[in-house]
Amino acid sequence: MTQANGKVEGKTGVLFVCLGNICRSPLAEGVFLDLARNQGIADHFDVDSAGTGNWHVGEKPDGRALAVAKKHGVTLVSVARQVDPAHDFSQFDWIIPMNRDNERDLLTLGARRQRTRLLRSFDPALSAETGADLDVPDPYFGQGDGFERVFAMIERACAGALRQLSNA
Ligand code: 4NP
């Protein structure tokens, strides 16, 4: 049941956030849900994604994100929307930005620091490394294998996030 603050009772709310909500955060949303489904625990989570910017509101994910996801057997279902602080910061238990710019913008909008964690901080290989670069780079303007590299980063980090948030 959905409560007055938007929180879905009994579920852990997870919101993935990037800039445009057409590349990285839809991939993270799709991968996280796919992993959770494979483990039979998708119904433990209320998962969504959003962008800090509004340029692509209403659009489906970028064709390159859809293609890389499909190649790895993941379906992306998101329609781009902008972060809605009044609603999102109460509905979702965890706000998960893709990079430090997104994180800074979210904290400025009022996200709680203890509930806001960079996606790659959940990657066990990186969290053990001091000074590791925890940004998922923006693939939108890039060329070549950018989306493939970003997919691999997101997949490792989502596996860690699913493990850690399942035990939280
Ligand atoms: P995303 O990528 O933040 O991963 O969805 C981007 C998409 C669009 C733009 C920038 C980044 N843009 O400037 O339109």
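A polar contact is taken here as a pair of N or O atoms within 3.5 Å; within protein, one must be able to donate a hydrogen and the other to accept it, and residues adjacent in sequence count only if both atoms are side-chain atoms. The model is predicted, so to speak of local features a pLDDT of at least 70 is needed, side-chain atom pairs count only at pLDDT 80 or more, and totals for chains, interfaces and linings use all residues. Residues are numbered from 1 along each chain as its sequence is written, and side-chain values use heavy atoms, with hydrogens and water left out.

A backbone N or O atom of asparagine 21 lies 3.2 Å from an oxygen atom of the ligand; for glycine 20 the corresponding distance is 2.8 Å, and for leucine 19 it is 2.9 Å. Taken alone, the ligand exposes 350 Å², of which the protein buries 92% (accessible areas by the Shrake-Rupley method with a 1.4 Å probe). The residues surrounding the ligand (a heavy atom within 4 Å) include Cys18, Ile22, Arg24, His56, Asp138 and Phe141. By class, this shell holds 6 nonpolar, 3 polar and 2 charged residues, with Gly counted as polar and Tyr and Cys as nonpolar.

Turning to the sheet, 3 strands are arranged in the order β2-β1-β3, forming an open sheet with parallel pairing. Strands are DSSP runs of E with at least two residues, helices runs of H or I with at least four, numbered from the N terminus; two strands pair if DSSP finds at least two bridges between them. At the edges sit β2 (45-51) and β3 (94-97), each pairing on one side only. Strand β1 (residues 12-18) is joined to β3 by 4 bridges, and valine 14 has tryptophan 94 as its bridge partner in β3.

Finally, alanine 42 is placed in the loop between α1 (24-38) and β2. The C-alpha atoms of alanine 42 and serine 166 are separated by 10 Å, although 124 residues apart along the chain.
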